[in-house]
Amino acid sequence: MTALTQYERLESIGLWRDDPEAQRREVLVRFGEATLVLSDPRSEIPLSHWSLPAVERRNPGVLPALYAPGADALETLELDDADMIVALEKVRGAVAAAIPRPGRLRGAVLGGLMLTVVALGVFWVPDALITHTASVVPASQRAEFGQMALDDVVRLTGAPCDNQQGLRALAALSERVFGPLDTPILYVVRDGVPLGLHLPGDVIVLSNKLISTANGPEALAGAALAEGQRRTLQDPMIPLLTHAGLRATFRLLTTGELSPAAVQGYGETILRATPAPLADEPLLAAFKDARIPSSAYGYALDPTGESSLTLIEADPFRGLSPTPLIPDGDWVALQGLCSG
C-alpha cells in the first residue's frame, strides 16, 4: 500500500541528482507507505530512500516540480508526472495540516472527547492510553517521530555512515530482504548498537561490525530481517511513547503534536533495552521465505554458537550452495560504507 489509500501502487519516472554538481539521472520513483524509493529504471536497484514527511518542494507552482528530501539536503528530484506530483502534494498538505494551531477544531474536539471520557469514569489506564494513541498515529507522523528518535540515537552512536556507493548498496540490500514495497530505511552506525534496533516509520539501525567482521552480507541481512520481525511483535511507537510519558502522549492524542523534548533521552533507553526474544520457528520461516541463510546471523548473535544453535543447525539453506544476496560489487560498496 501507499501513504494514500486511493493508490495501490504509484510510480513514475523522474530526474535525480545526488548532489548539485552531479549530472541528472533518470530514476524510477516509487511511492510507498512512509517512503519515496528512487531506483534505477533498468535494474530497479534502489539508489535512495526519502522519508515522505521530510520531502519539500523547492519550486512551488513551477513545472517540472523540484523536490528534495529535506531543507538542507543535497539531493534533488525533478518530476513532471501529474499523478505523482498530486500525491506528493497531498502528503505534504497532510503533514502541514497535522501541525497544531491555536484553536484548532480537531484538537478541541478530541480534547473534549477525552475530557468526557474522564468525566464519565471510563477506565483509561496508562498502558491503554499509550496503546490507543500509538494505534492512531498516521504513517506520515510515524516517519517524523522515527526521525526524531534516530536523531537522539545518533547523538550517542555517531552519525550514520554515509558513503554514497555504500548507501545505494544498503538500499538494494533492504529491497532484497524485504521486497520492493514499503521497504524499510536501513542505517549503519559505527559504534553503540550491539547488532540492530528498529524505530517508528520503518527505520532499522544496524551495527557496522555486521559488515567489518563478516565475509559477506548474510549477517547484515539477517540482523535487518530479525529487526523486521521484532517490529511485528510490538508497535515501535509504544516504547517511544512510554519514554515520552503520559502528558506527552495525551498531548499527541489531543493535538497531534509530539515535542522533540519528549523524545530526548530515548537513545539511552533503546540502546540499554534488551531486544525482544524471537521464537526460533517463525524466525527460521522468515529466513526461508526471504531466501537468506540463518547461520551467519546465528554466529553474529553468539560467535560460539551455543546460544544460537538452532539458527545455525536448522539453517534452511545449510549444506546448499549459497546464492549471492547481492552482487559482489554491492558487497564491496557496503564494506566501504563507513570509510568516508
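Reply: A disulfide, counted here as a pair of cysteine sulfur atoms within 2.5 Å, joins Cys161 to Cys338 with an S to S distance of 1.8 Å. The model is predicted, so local features need pLDDT of at least 70 and side-chain atom pairs count only at pLDDT 80 or more, while totals for chains, interfaces and linings use all residues. Residues are numbered from 1 along each chain as its sequence is written, and side-chain values use heavy atoms, with hydrogens and water left out.

By this distance rule the count comes to one disulfide, and the link of Cys161 and Cys338 is right-handed, with 90° about the S-S bond. Because Cys161 lies in the loop between helix 4 (139-157) and helix 5 (164-178), and Cys338 in the segment after helix 15 (328-335), the pair ties together parts that are 177 residues apart in sequence; helices (H or I, at least four residues) and strands (E, at least two) are DSSP runs, numbered from the N terminus. Cys161 is buried at a relative accessible area of 4%, and Cys338 is also buried, at 13%, where buried means under 20%, exposed over 50% and partly exposed in between (1.4 Å probe, protein chains only).

A pocket is an open set of points on a 1 Å grid over the protein atoms alone, with protein on both sides within 12 Å along at least five of seven lines, and its lining residues have an atom within 4 Å of a point. The largest pocket holds about 1,000 Å³ of space, and of the 35 residues that line it, His49, Pro69, Glu75, Leu167 and Tyr187 are the closest to its centre. The volume is the space filled by probe spheres set on the points, which are joined across faces, edges and corners.

Strand 4 (46-51), helix 4, helix 5 and strand 8 (185-189) each supply at least two residues of this lining. By class, the lining of the largest pocket divides into 21 nonpolar, seven polar and seven charged residues, with Ala, Val, Leu, Ile, Met, Phe, Trp, Tyr, Cys and Pro counted as nonpolar, Asp, Glu, Lys and Arg as charged, and the others, Gly among them, as polar.

Key
1 Å grid on protein atoms, 1.4 Å probe; cavity = no way out; pocket = protein on both sides within 12 Å on 5 of 7 lines; lining within 4 Å.
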